[in-house]
Amino acid sequence: MSTGAPSNPAVATPDLSQDVHQRIGMLTRQLHDSLQGLGLTEQVKSWAGEIPDAKSRLSYIARLTGEAAEKVLNNVDQAKAHHDHIAAETRRIGALIVKDPVAAVAKGHVMNFIHDVEDATKHIDKNLTNIMMAQDFHDLTGQVISKVVNLTASIESQLLQLLIITAPSEPVNKPADSAKPATFVVHDHPVLQGPVVNPEGNPDVVKGQSEVDDLLASLGF
Amino acid sequence: MANDLKFLVVDDFSTMRRIVRNLLKEIGYAEADEAEDGVVALHKLRNSTFHFVVSDINMPNMNGFQLLNEIKKDEKLKHLPVLMVTAEARKEDIVMAAQQGAAGYIVKPFTKATLEDKVNLILTKLGLK
């Protein structure tokens, strides 16, 4: 039995909890006062609004990558089935030709095989195109990831500034009105929005190519 | 004639450039070059002969709207059809593209059939097909 261990942890825990609770309370108060003093409360409200958007953007990435993987695997399965069929037919026709070349042609085995190959290559070509098109998630998710990274970088940068300004080594009695340096720039949303992650219920965006075509047609294009 | 047309595919994502080039090849237009943004595209357009531009909008350095504007301001290039292929789905962006002289607008993700339809429609309108 170790004598160095706390003799009665159940008694020490409430004190520790109270201390931690008090410290968190002080930090929260200090953060609140600092944000107010620096005029950052509006910025914090803006972050609070953007974080759910970031969450839905990340969900959009998960959905798109999942759908792309599913699409690729389905098309690979289909292409492999066509490929296996052609491989098996090639072996079968080969054996027939070796056995009796004239009969293989005369009975239509060779022509049937040629039609099979033609049909399978059409299907495989379509599968390959689908696999290629599935890679468009890279572009769409890349744009969304870039937006989330920008939001994270903005929050990190501003929190860092806050930390620098409120660090104990800095003069504590900095005037509140001069404590808003040029680095606290609220970045406007870029003019271009990138992929729309939640088009439903947003009248300002189109939900598909048919709506684009309708809109352009209404403008006479 | 139409199959000899040379396309310029402008997109900052190399994956998308490859997809569009491959699709163009599949629909009968094998001649294509690529540019990763508007600046590179404009340089290529001014130093080589192209018949059709397929451009993204959201790109660094010079975006698709700026590229479209530069093309339409340039006496030697303004005849070029520019098809926007983009994730920008806001109606105001679509209207702006049309007003600036875009020949067509496709929203991503798109299908091979959509690209084929729009390219052929534009070429037919211009009498190139």
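A residue is called buried if 20 or more other C-beta atoms, placed from the backbone, lie within 10 Å of its own, exposed if 12 or fewer do, and partly exposed in between. In helix 4 of chain A, the residues that count as buried are N127(A), M133(A) and A134(A). This is a predicted model, in which local features need pLDDT of at least 70 and side-chain atom pairs count only at pLDDT 80 or more, while totals for chains, interfaces and linings use all residues. Residues are numbered from 1 along each chain as its sequence is written, and chains are lettered from A in the order in which they are written.

**Confidence**
- The predictor gives the complex an ipTM of 0.79 and a pTM of 0.71.
- For chain B the mean pLDDT (the predictor's confidence in each residue, from 0 to 100) is 95, and 98% of the residues of chain B reach 70 or more.

**Where the chains meet**
- Contact, which requires C-beta atoms placed from the backbone to lie within 7 Å, joins 25 residues of chain B to 26 residues of chain A.
- Helix 1 of chain B gives the most to the side of chain B that touches chain A, with 5 residues.

**Strands 4 and 5 of chain B**
- Strands are DSSP runs of E with at least two residues, and helices are runs of H or I with at least four, numbered from the N terminus.
- Strand 4 (residues 82-86) and strand 5 of chain B pair, a term that asks for at least two DSSP bridges, in the parallel sense over 4 bridges, and M84(B) stands opposite Y105(B) in strand 5.
- Both faces of strand 5 of chain B are covered, with G104(B) and I106(B) buried on one side and Y105(B) and V107(B) buried on the other.

Key: Contact = placed C-beta atoms within 7 Å.
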